[in-house]
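Please keep the sequence and the view at hand while reading.

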Amino acid sequence: MSSTSLANPERDIALVDLLDRLLGGGVVIAGDITLSVADVDLVHVSLRALVSSVEKALPKHE
Amino acid sequence: MIELLAIGEPDAAAEPPVRAVPSDGVTVLCAEAPEGERTADDLWRREALVERLLETGPLLPVRLGTFVADEDAAAAAVAGRGAELRERLEHVRGAVELSVRIQPAGEPGDLRARATLLAAAEAAHEALAAIARDSVERPGPELLRAAHLVERDAMDRFVGRVRELQHAHPDLAILCTGPWPAYSFAEAR
């Protein structure tokens, strides 16, 4: 999903799902795995998502 | 250094900055590795690159931060895995991933209240899984966190079902985002 189509609260909610997928999903391929992510406060983001309602976060698909 | 972004079909094409490296009957889609720490905006830009590739054919996103020295190393990284990866590409063809997280809508109740909510969340999950080609539960702090692989044609039906379930269960907050590339279905389970 595109972040540019999302308002800020929605973007924070979707960031939880993006990080969940980037860090816990995807094909695992032999390589030099390096994780270097700045300015992303995982705990803070999770807490924000917990107080959000469904109406803010329904997908905006084409 | 280059970063692997996704695995595509043998004829997958890429536009700069993404490069397409054929290997073992699949295509490794990669780009110049970023320097230093990445911000949330960097991750969204990376995601946009992957999603643009998704428009041209089935795609298996690669775990974040998989770096190799050069294109030869990118090709070598999937050598011997072509058959397995093509099978996964078939599994996700024509479908996208939708994320569903289900949480209690109100104040945390006692254990019995939570058990009731959990049962309702699981029932909602089953109702959504019935529309999906494949579904997987993921670890998370919510009552239920899941990923559904949904055919593009069934997306409206899926989202409609989410709205119906939300309406029927005001005590639950059902959070649905997507469409995402099939991150949660890229590896065989």
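## From whole chains to single residues

Of the 189 residues of chain B, 54% count as buried. The model is a predicted one, and what follows should be read with that in mind.

Chain B contains 5 helices and 9 strands, and along its sequence these are arranged as β-β-β-α-β-β-α-α-β-α-β-β-α-β. Its C-alpha atoms fill a box of roughly 55 × 35 × 25 Å along the principal axes. When contacts in chain B with a separation of 6 or more are considered, 72% of them are accounted for by residues 24 or more positions apart. The accessible surface of this chain comes to about 8400 Å², and carbon and sulfur atoms hold 51% of that area. As for charge, chain B carries 21 positive and 33 negative side chains, with the centres of the two sets lying 3 Å apart.

Chain A has 62 residues, of which 47% count as buried. In it there are 3 helices and 1 strand, which run from the N terminus in the order α-β-α-α. The accessible surface of chain A is about 3100 Å², with 57% belonging to carbon and sulfur atoms.

Returning to chain B, we can look at one helix in detail. At the start of α2(B), a side-chain oxygen of Asp70(B) comes within 3.3 Å of the backbone nitrogen of Asp72(B), while just after the helix Gly80(B) takes a positive phi of about 90 degrees.

Is Glu3(B) buried or exposed? Its relative accessible area is 3%, and because the cut-off for a buried residue is under 20%, Glu3(B) counts as buried. The side chain of Glu3(B) is joined to that of Arg38(B) by a polar contact of 2.8 Å, and to that of Arg46(B) by a polar contact of 3.3 Å. Leaving aside residues up to four places away in sequence, Glu3(B) touches a set of residues that includes Leu29(B), Cys30(B), Ala31(B), Glu32(B), Leu64(B), Gly65(B), Thr66(B) and Phe67(B).

One further residue of chain B, Gln166(B), has its place in helix α5, which covers residues 155-168. Gln166(B) has a relative accessibility of 13% and therefore counts as buried, the limit being under 20%. A polar atom of the side chain of Gln166(B) lies 2.8 Å from the backbone nitrogen of Ile174(B). Between Gln166(B) and Glu32(B), which is among the residues that Glu3(B) touches, there are 134 residues of separation in sequence and 43 Å in space, C-alpha to C-alpha.

Conventions: Residues are numbered from 1 along each chain as its sequence is written. Chains are lettered from A and ligands numbered from 1 in the order in which they are written. This is a predicted model: local features need pLDDT of at least 70, side-chain atom pairs count only at pLDDT 80 or more; totals for chains, interfaces and linings use all residues. Side-chain values use heavy atoms; hydrogens and water are left out. Helices (H or I, at least four residues) and strands (E, at least two) are DSSP runs, numbered from the N terminus. Buried means under 20% relative accessible area, exposed over 50%, partly exposed in between (1.4 Å probe, protein chains only). Contact means heavy atoms within 4.5 Å. Accessible areas come from the Shrake-Rupley method with a 1.4 Å probe; for residues, only the protein chains shown count as cover. Lys and Arg count as positive and Asp and Glu as negative; His and the chain ends are not counted. The place of a charge is taken as NZ of Lys, CZ of Arg, CG of Asp or CD of Glu. A polar contact is a pair of N or O atoms within 3.5 Å; within protein, one must be able to donate a hydrogen and the other to accept it, and residues adjacent in sequence count only if both atoms are side-chain atoms.
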